[in-house]
Amino acid sequence: MKITSLYIKGYGCFTDREFHFGEGLNLIYGPNETGKSTLLSFILAMLYGHKKPGLKRASYLEEQESMLPWQGEAFGGTLEYVVRGVGYRVQRDLHKDRERVELFEAVTGRELSGDFPQDSRRERLFAEAHLGLNRDLFLRTTCVRQSQAGVANKQMGGAEDGAGTSELAARLLNLQSTGDEEVSVQQALNCLQTRLEEIGSQKAPSKPYARTVLKVTEFTRRLTELKLKRDKLLQNESALSLTKTAIRELDSGSTDPLKCLKKLGPEVLAGQWQRVWEFAQRWAKISIEIKGVQAFREFPGEYRDELLQLTARAEELDNEIPKTDEFKQQPKANAITNAKAKSIGYSPILLASVLVCCVGGALLAILYTPWFWIGVAGFGVVAVVTALWALGGSLLQNNRSKELDRIEQQIRLTQLNKRVGELLQVAGVPDLEAYLSGCRKRYAWEELNRETKQINEYLQSILVAVQSGWAERVKELNQISQELAEVEGELDKANAELATLSQERAALELAAGCIREASEEVHRDFAPRLNARIGRLINDITQGRYNQVRVDGSLNLRVLTPETGSLVPLSSLSSGTVDQFNLALRIAVADLLTGGQGGLPLILDDCFGQWDDERLSGILAYLLEMAQDNQILLFSCQQREGNILAALNPREQGYKVLNLGHNI
Amino acid sequence: MQRVKFLHCGDIHLDAPLTGSGLGAEQAALRRSELKETLGRIGQLAKAEQVELLFISGDLWEQGYVRKQTVTAVNELLGCLSPVRVFIAPGNHDPFLQHSFYQTTAWADNIHIFRGGPSAVELPALDTVVYGYGYENYEVKVPVLRDLRAANQQGINFLVAHCQVVSGGGANSNYLPLDQQTIPHLGMDYLALGHVHQASKVIKSGDCQWAYPGSPEPLGFDELGVHGVIVGEITKIQGQAQISTTWVTLQKRRYYDLRVDISGAGTPEEVVALIQERVKETEAAKNRAEDFYRVTLTGFIDPDLVLVEQELALALADQFFQLRLANQSFPAYDLERLGKGLDLVGVYIRKMQALLALEVNWEQKDLNQEVVSKALAYGLDALLKGEVHRR
């Protein structure tokens with residue numbers, strides 16, 4: 001491709017300017033601020049427009065604003081170029097609101113715009129079709145700026161040893177692995193890795209990924225804990241719903257508290273469980289014992305005292321009544337004893353007589369002293385007579401009353417025994433011992449029954465207390481339920497966050513993996529061709545001394561000596577040779593990327609300012625040689641290049657000088 | 001002639017944790033209280049419409065989260081509706097478990113809760129039988145309703161159940177499958193069904209009509225549109241039923257799912273403006289401060305535009321009850337053109353596109369299309385821009 005001419009209607013500092021280029025080396029001279037960069041920008045604008053390349057939607061480059069014409073309304077112009085022997089003219093209006101681009105065949109004037117449909121940015125891609133490169137690639141491969149031109153310059157300028165060749169090596173590596181010297185696999189992988197590290201992994205506790213995993217773990221743990229707690233409370237709640245029935249049943253004594261309490265469980269009864277359980281066990285024991293005495297619960301125990309008295313009396317009587325033999329053997333003794341007892345016990349007349357006499361005597365003694373002794377004697381006689389009379393009567397009756405008494409006692413004993421028998425019959429027992437046993441069982445039943453009631457009352461009071469105390473637990477149940485929902489929400493969010501981070505990680509890892517694979521593929525397909533081309537280049541430049549360039553992992557560039565097979569650092573070659581190599585490489589890469597269509601121009605933008613004359617002379621000689629095949633646009637703000645070129649080629653053959661002049 | 005008026009609702013999901021909505025704790029709590037209010041509005045409607053029967057076809061609450069105070073409130077609220085007879089058929093989210101509140105609550109006399117079954121409750125005064133089935137577990141795989149038959153064809157027969165109507169004999173479901181073909185043979189006049197949150201039409205299968213009223217208050221972004229309950233009336237004359245139904249909306253908030261093409265936006269502010277513009281175009285705009293919005297950003301954006309979803313959401317937060325943003329926009333790399341290149345970028349794009357086009361078992365590969373699409377963008381960012389930000 002060769003640019004033949006351009007007409008700038010209005011672009012930056014240029015208005016209505018026309019330039020014609022030679023097919024070979026074009027030295028475009030102009031001091032600073034004379035529009036060299038503007039000219040380069042205009043060429044790119046004519047070919048590619050002002051829209052960012054590689055995007056689906058129209059997005060404008062900064063040139064759309066920075067290159068607005070200083071004078072006049074027109075913003076655009078015309079550029080003519082030749083590709084594979086065909087001349088084209090492109091006309092472009094760059095105003096956003098009336099944007100327009102037209103392509104014509106230069107010779108016939110036939111419009112070709114329709115051959116290149118607009119893309120999604122409303123841009124016609126004729127330049128890409130003609131050159132095989134988009135704007136970015138065109139700029140990168142064909143345009144060399146000052147910082148990129150002098151590989152050897154960096155070495156010679158006292159920079160870190162090997163820094164220049166390292167950069168060249170890096171570019172070569174990029175080319176070999178990406179096909180684009182500006183695109184670095186390593187850089188791409190590094191920034192993916194950086195983002196991965198920002199997200200972090202489980203091993204990096206301070207990074208978002210590990211923190212989110214921790215959050216998920218913590219919320220899950222809390223959730224499990226709350227669920228267990230809630231389930232427990234629900235079970236207790238369920239058990240508690242039985243307490244009302246339990247209280248009623250306990251009240252009627254129709255339920256076994258053990259069964260009831262087992263349903264409630266220690267959770268519900270909390271601190272009282274042990275005591276309650278002991279009572280319930282006692283209840284269970286009683287319930288067995290009570291069965292043993294259940295039959296005696298209506299046993300007539302009310303006769304117990306009477307029966308005991310009766311039997312005691314009967315025994316007493318039985319003891320008092322002389323037995324038949326005993327009575328016969330000892331009648332006298334008994335009679336005397338009985339008589340004495342009778343006489344003492346049953347002689348009131350005698351006692352009354354003595355008493356009357358004594359009192360009478362005493363009164364007489366006090367009232368009538370002369371009559372005292374007469375009275376005493378009288379009353380004494382009366383008393384003695386009376387006493388003797390009484391004693392005599394009693395002795396007469398003694399024997400007869402003893403017999404009567406015995407009979408009487410016998411009768412009473414019989415009556416007592418009869419009553420005892422009646423009572424025992426009512427009680428349904430054969431004898432007193434059985435009755436007393438029955439009484440004991442009845443009392444035991446009463447005792448057990450009383451205890452059962454006490455236990456029931458106690459348990460009821462506990463249950464009532466538990467029921468009223470359960471309100472607190474219900475509050476807890478409500479709180480837990482609410483917290484559970486909240487934690488579930490938090491967990492859900494944490495899980496979503498984790499899913500996003502995991503997705504990010506997966507995407508970044510996939511991208512890195514795919515870049516590696518693609519790089520290997522490019523390296524496999526592109527690198528051999530590139531290396532072969534580089535080999536030819538270095539062979540040509542060094543006139544056969546070296547024919548291969550190799551880049552090692554540490555970005556060291558080495559050239560291979562064919563004869564010895566030894567590897568020599570590229571930096572050991574002369575600086576001029578390395579510069580030649582660098583520039584030649586660009587053309588070679590451009591050719592490779594355009595599928596060998598070749599002929600791309602080389603644009604050198606003021607890039608030899610720091611070079612000494614000798615070195616500049618060397619590279620210009622090489623450029624003159626290159627210009628036989630490729631158009632070269634060499635922009636410079638110094639006259640040095642012109643002078644050297646003139647010295648190298650006094651007849652100005654093979655190059656053309658365009659002077660931009662001052663104050664354009 | 002018999003005539004019965006009923007209200008049919010279900011899937012209220014009281015005390016649900018509302019996961020998946022991305023709500024904050026306060027908003028979720030508010031929303032839970034609103035679910036309870038919805039039940040209140042159902043009660044008011046039942047009274048206003050003077051229905052005789054209220055059917056709650058399952059998932060009244062969420063067993064795992066329901067609070068006792070909620071159950072107490074439900075009991076009081078429904079109890080107050082007496083003489084309206086309330087029939088609850090527990091579902092997979094509120095099964096009648098041993099320790100569930102269905103079991104432990106002393107329910108008001110006018111409330112009947114179906115447990116297992118199917119069982120029937122006869123209402124002689126209305127010449128009506130209400131059949132029902134109540135889950136006793138979280139799943140019911142056996143099609144137990146298949147063999148149910150209404151005994152009295154002269155009276156009115158209802159079936160209340162939380163079930164999934166399936167098509168074809170071989171269709172399975174873990175939620176009480178009911179083959180649609182068997183519905184006409186059940187001998188029912190109306191099936192008050194629950195489980196499906198999006199309301200169905202009232203469908204006629206033979207002489208029987210059935211419907212899912214859906215959730216009266218939507219619970220997530222998968223429940224868009226209008227939600228409510230069904231009020232109906234059955235008149236049966238000589239064994240022939242005539243059913244009229246009305247669908248009544250009770251919901252407080254709606255869920256909206258919008259896609260906003262942000263192509264051309266150069267700054268986050270422009271993206272915010274585009275979202276606002278898009279929302280205004282929709283019916284949603286009227287009540288956006290009350291409603292839930294999920295906005296998915298689509299289109300092709302400048303690769304240099306870094307969008308932080310949280311920042312965008314923050315800028316819009318006060319205009320919506322809830323706004324969830326998902327960024328599915330793609331950096332506007334010209335894949336078609338770049339993908340033709342022989343360089344790494346070209347090869348990379350072709351590889352990724354092949355991966356996207358491939359019918360891959362994504363689950364097995366632990367990837368999905370979204371991941372691959374993101375990976376494509378990240379790779380291009382890394383290769384062409386030399387920097388990677390979250391997309």
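Helix α20 (residues 613–626) of chain A comprises 14 residues and spans 20 Å from its first C-alpha to its last, close to the 20 Å expected at 1.5 Å a residue; the expected span is 1.5 Å times one less than the number of residues. Helices (H or I, at least four residues) are DSSP runs numbered from the N terminus. The model is predicted: local features need pLDDT of at least 70 and side-chain atom pairs count only at pLDDT 80 or more, whereas totals for chains, interfaces and linings use all residues. Residues are numbered from 1 along each chain as its sequence is written, chains are lettered from A and ligands numbered from 1 in the order in which they are written, and side-chain values use heavy atoms, with hydrogens and water left out.

**Burial in chain A**

- The buried residues of α20(A) are A:Arg615, A:Leu616, A:Ile619, A:Leu620, A:Tyr622, A:Leu623, A:Leu624 and A:Met626; buried means under 20% relative accessible area, exposed over 50%, and partly exposed in between (1.4 Å probe, protein chains only).
- A:Arg135 belongs to helix α4 (residues 135–142) of chain A and is buried, with a relative accessible area of 7%.
- Leaving aside neighbours within four places in sequence, A:Arg135 is in contact (heavy atoms within 4.5 Å) with A:Leu44, A:Tyr48, A:Gly49, A:Pro53, A:Leu61 and A:Glu63.

**Nonpolar surface patch**

- A:Leu355, A:Val359 and A:Leu363 make a nonpolar surface patch of about 280 Å².
- Patches consist of residues with over 30% relative accessible area and no salt bridge, with like charges joined within 9 Å and nonpolar side chains (Val, Leu, Ile, Met, Phe, Trp, Tyr) within 5 Å. Accessible areas come from the Shrake-Rupley method with a 1.4 Å probe, and for residues only the protein chains shown count as cover.
- A:Leu363 is found in helix α16 (residues 348–367) of chain A and counts as partly exposed at 47% relative accessibility.

**Salt bridges**

- Over all chains, the structure holds 46 salt bridges, each defined by a side-chain nitrogen of Lys or Arg within 4 Å of a carboxyl oxygen of Asp or Glu.
- A:Arg222 and A:Glu483 meet through their side chains in a salt bridge (2.6 Å, N to O). A:Arg222 lies in helix α9 (residues 208–240) of chain A and A:Glu483 in helix α18 (residues 432–541) of chain A, so the pair ties together parts that are 261 residues apart in sequence.
- A:Arg222 is partly exposed at 22% relative accessibility, and A:Glu483 is partly exposed at 27%.
- A:Glu102, buried with a relative accessible area of 15%, forms a salt bridge with A:Arg100 (3.1 Å, N to O).
- A:Asp305 and A:Arg304 are joined by a salt bridge (3.6 Å, N to O); A:Asp305 is exposed at 52% relative accessible area, while A:Arg304 is partly exposed at 31%.
- In chain B, a network of salt bridges links B:Arg31, B:Glu34, B:Arg41, B:Glu217, B:Lys252, B:Arg253 and B:Glu290.

**Interface between chains A and B**

- In this interface, 56 residues of chain B are in contact with 55 residues of chain A.
- The area buried between the two chains is about 4800 Å², of which carbon and sulfur atoms give 62%; buried area is the accessible area (1.4 Å probe) that two parts lose on being put together, summed over both.
- On the chain B side, B:Tyr65, B:Arg337 and B:Leu344 lose the most area to chain A, together 15% of what that side buries.
- Five salt bridges are counted between chain B and chain A.
- A:Glu517 forms a salt bridge with B:Lys351, with the closest N and O atoms 3.3 Å apart.

Definitions and conventions. Helix = DSSP H or I, 4+ residues; strand = E, 2+ residues; numbered from the N terminus.
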